[in-house]
Amino acid sequence: MSDSKKILEVKNLSIDFAIDGNIARAVDGMSFEVSRGEVLAIVGESGSGKSTTAMSLVSLLPRNSRTTGSATLHGQQLVGMSIKELRKVRGKQVAFIFQEPMTALNPVFTIGFQIVEALREHFNTTRAAAKERALELLAMVELPDPEKAFDSYPHQLSGGQRQRAMIAQSISCDPDILIADEPTTALDVTVQAEILDLMRSLKDRLDSAIILITHDMGVVADMADRMIVMKDGIAVESGTADQIFNAPRHPYTQRLLASVPHLGTGKPAETIGKQAKSVLSAKNLVIEYPKRGRVPAFRAVDDISIEIGEGEVLGLVGESGSGKTTVGRALVGLLPVHSGTVTMGDKVFASEERGFKINKDDLREFRRNLGIVFQDPGSSLNPRWPVGQSIAEPMELSKEFTAAQIEARVIELLDQVQLPTSYRNRYPHELSGGQRQRVGIARALALRPKLLIADEPTSALDVSVQASVLELFQDLQKDLGFACLFISHDLAVVDLLSDRIAVMQHGRIVEQGPKEQILRNPQEEYTKRLLAAVPVPNPEEQKLRRLKRLELQG
Amino acid sequence: MSLDAQGRETTIEQEATIGLSQGQVIWKRFKKHKLAVISIFVLATTIILAFTSVGIVIGGNGQLVVDKETLLLRPDGWYIKGWWQWDWFTVGAKDLVNGAPTWNHPFGQDDIGRDIFARVMRGMQQSLLVTFIVGFLSTAIGVVLGSLAGYYRKWTDSVIMRVADIILIVPVLVLGAVLGRSVGGGALFLAIMLGLVAWPGLARLVRGEFLSLREREFVDAAVVSGASARHIIFKHILPNSIGVIVVNTTLLMSAAILIETSLSFLGFGITPPDVSLGQIINEYQTAFQTRPWLFWYPGLFIILIALCINFIGDGLRDAFDPRQRRDDFTKEGFFKSLFGGKKIEADHDEVIVGTTQRENI
């Protein structure tokens, strides 16, 4: 790459935070450069300092931080720049795309107003000219109806549209560098694929550089020309994406790549489950959120039938809003069933004759054989309770155990989920996300349930942590032989765990069958699109997949 | 080494794995908040001092009557004398012309020779009575109604909140004055009346806490394990809203002293010949410049009570909050330990982040 194309040059950049009178180094000696038309990906797990690095370029860090080293934009030093000069750089030369467009856009102003505001801040234009330009930008980010989007408030747009609107705002001043901080993490896979397409085409059209910050190796493989792998504030490896994906040198990079679930690497399902006795079956299940005031009733789940056999893992996949979580919550009795039959073992719990209701005594028996693992390990444990008490709670409530039995079982469970038994007196905030999720699993298994319902148990975790939790999950499932309904949006994770897969869309199951059939030979259009949109952590393979996906879209 | 429930010996490692009950943990942490512990002692001492020194009156209408046997004035009701040689109502000769403090009357005397120490002690009895009854009543009502409204929502919520709204729009001062007056009977009734109208604020806060906490997944997890509404309210949600409740209660209790003072100032509430701290200040406000002891001593005790209550509240809140850091005694020993160590604010699902330094480095 020639020097003339070089836009940003970062040399020996270090960032310290003063915390409680101690100095903590968040980023240590980062050096990299970015050229025109290039995508540089900074990858790493949470806390690795990847966002901090990017934020420091335009001094967006909190006041207890100190940046040292050098970062030059077109030869202009950014470190230690005055606020007045920084304002000219921010937005105009360096623009940001944030993870969560709902919080990054101001909810009380229209999209159009916010873009016009950004334009008038940097250019001396009339309101009319700015509006024209804003409409142009909204068209550029391929929003279906720019006029309408211009007058819309953020909440009136879908997640993907919001992200497009934010990108429109970011590129409004023709920035030289676009810093995208986890731009697609909050989005569904199919929407993510579209946004990545958009960013790729914009980069070429605007001839700017992109610094992509992400933890998702699939996204990196899809987008990046070069990449930097960060761990604990240090760049452990850098190079072209092909180099790093194909021949990672640093052990951390190797480990990171190995822990990414890769679609298509799951072992073929064993044939058990097909003939096995059914543990739970739901037939023609309909779940509605009742009407509230003027808001009409919403049918979240519409006529689905699933069956889970003994020791079988059924993966339930779908995008946000497809109703998969609703199914899980209804099956543990947290939501009322509108109509349909729910049978556990030989006993019918909800059916037409019973008015689709589960009566109180039945519900107790029903839940006795169920465990549930929630998505957010931060919210699923009572912050005021030591985790041992949380694990013991289901046993105490069942009143079937003596104190000594509970005591012994808690220790046994902690052992099973590979946590030191001394952790029982710790509070949730003293544990990491992965440890908390292990506690959540231990609690769900406390009563030795026949069926475990896991609602996105790993989606809030880092890849390497996710890998270890999934491994634990597999081991436990094998040892204890419980059946499992595994709800996830991540096809690769489902591929790893499940025997059978059901794909949901708009409250219906579009396709259901053995794993092999769904993943390798999907019949339905939606399943095909969903599979095609999943980025694979391998640049070459991903390029092929991208072409295939575009073909599929026509 | 110690013995566990089964009589087996437990080693140190095992001891670390023995589950502690919530109560034990909270007491352990409360003890670390030195100032709160000191405040408990100070408050207890003050209470004992107030009630033993000048004696107590049980029942009665707050007026003075002539004793049939001794033919001296005494309070109406059952009067038990204390160990202090003076009482708060007997008029006597002044040691000094202006009534300044002497060995005989350490807090001084007022213009008609009544002992100020005795009057302050009696006033403190009344103020403490009002404070604690208001604090207890309004917290109990507020927590119960707020919990019910927040947990059950729907019509329960509507009914309770409309009642709360009605009480909120009537000024407490006016309501307290009218009710206290019409029922009569001094501090006790005044306190009960105030307690009955002071709960809506707390009820609203508790309801808000419940509305947000009941959506958390640990509540769902408990529901799935078959927990009853009672279990969820008392074991899961209330302990998580204890901070709000404790802080609000201490504020209410301090406010109760002030309301009582205001009412007494307006001529309602506790009226002469009975005494309250607020009423003493009010009575002697003109003496502020010339005879400050008439003013400062009751004022000092108001501050003392309010401070103690606030510190205890502070200690309780920290003790109930497990995110409080456990060992923070390594540096800057005394002051830090006085305030129970530096508090770390962290969201329930966030990694702990330290406090931000003020200056730009």
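Start with the hairpin in chain A: select S9(A) and S10(A), which have two residues between them. In the turn, Asp232(A) has a positive phi of about 50°. Strand S9 covers residues 226-231 of chain A and strand S10 residues 234-240, and they pair in the antiparallel sense over six bridges. Two strands count as paired if DSSP finds at least two bridges between them. Helices (H or I, at least four residues) and strands (E, at least two) are DSSP runs, numbered from the N terminus.

The model is predicted: local features need pLDDT of at least 70, side-chain atom pairs count only at pLDDT 80 or more, and totals for chains, interfaces and linings use all residues. Residues are numbered from 1 along each chain as its sequence is written, with chains lettered from A and ligands numbered from 1 in the order in which they are written.

Next, select residues 111-122 and 159-170 of chain A, helices H4 and H7. Two packed helices are described by the angle between their axes and the distance between the axes. Here the axes come within 9 Å and cross at roughly 20°, which makes H4(A) roughly parallel to H7(A). Axes are lines fitted to C-alpha atoms, for helices over the stretch in contact, and angles run from 0 to 180 degrees between N-to-C directions. Angles under 35 degrees count as roughly parallel, over 145 as roughly antiparallel, 65 to 115 as roughly perpendicular and the rest as oblique. On the H4(A) side, show Ile111(A), Gln114(A), Ile115(A) and Ala118(A); on the H7(A) side, Ala165(A), Ala168(A) and Gln169(A). Residues are in contact if their C-beta atoms, placed from the backbone, lie within 7 Å. This contact has five nonpolar, two polar and no charged residues. Ala, Val, Leu, Ile, Met, Phe, Trp, Tyr, Cys and Pro count as nonpolar, Asp, Glu, Lys and Arg as charged, and the others, Gly among them, as polar.

Now move to the sheet. Six strands of chain A form an open sheet with mixed pairing, in the order S16-S17-S18-S13-S19-S20. At its edges are strand S16 (370-373) and strand S20 (508-514), each pairing on one side only. The twist averages 15° from one strand to the next. Within the sheet, select strand S13 (residues 313-318) and strand S19 (residues 500-505) of chain A, a parallel pair with five bridges. Leu316(A) stands opposite Ala502(A) in S19(A). Helix H16 (residues 433-445) of chain A packs on the sheet, touching S16 and strand S17 (451-455); its direction makes about 170° with that of S16(A).

Colour chain A by domain: domain 1 is 277-369 + 451-529 and domain 2 is 378-448, with bounds from an automatic or database domain assignment. Their C-alpha centres lie 24 Å apart. Each domain gives twelve residues to the contact. On the domain 1 side, helix H17 (residues 463-480) of chain A supplies the largest share, seven residues.

Finish in chain B with helix H3 (residues 34-53) and helix H13 (residues 293-320), whose axes come within 8 Å and cross at roughly 140°. That makes H3(B) oblique to H13(B). Residues to show include Leu35(B) and Ile40(B) in H3(B), and Phe311(B) and Asp314(B) in H13(B). The contact divides into ten nonpolar, three polar and one charged residues.

Key. Two residues are in contact if their C-beta atoms, placed from the backbone, lie within 7 Å.
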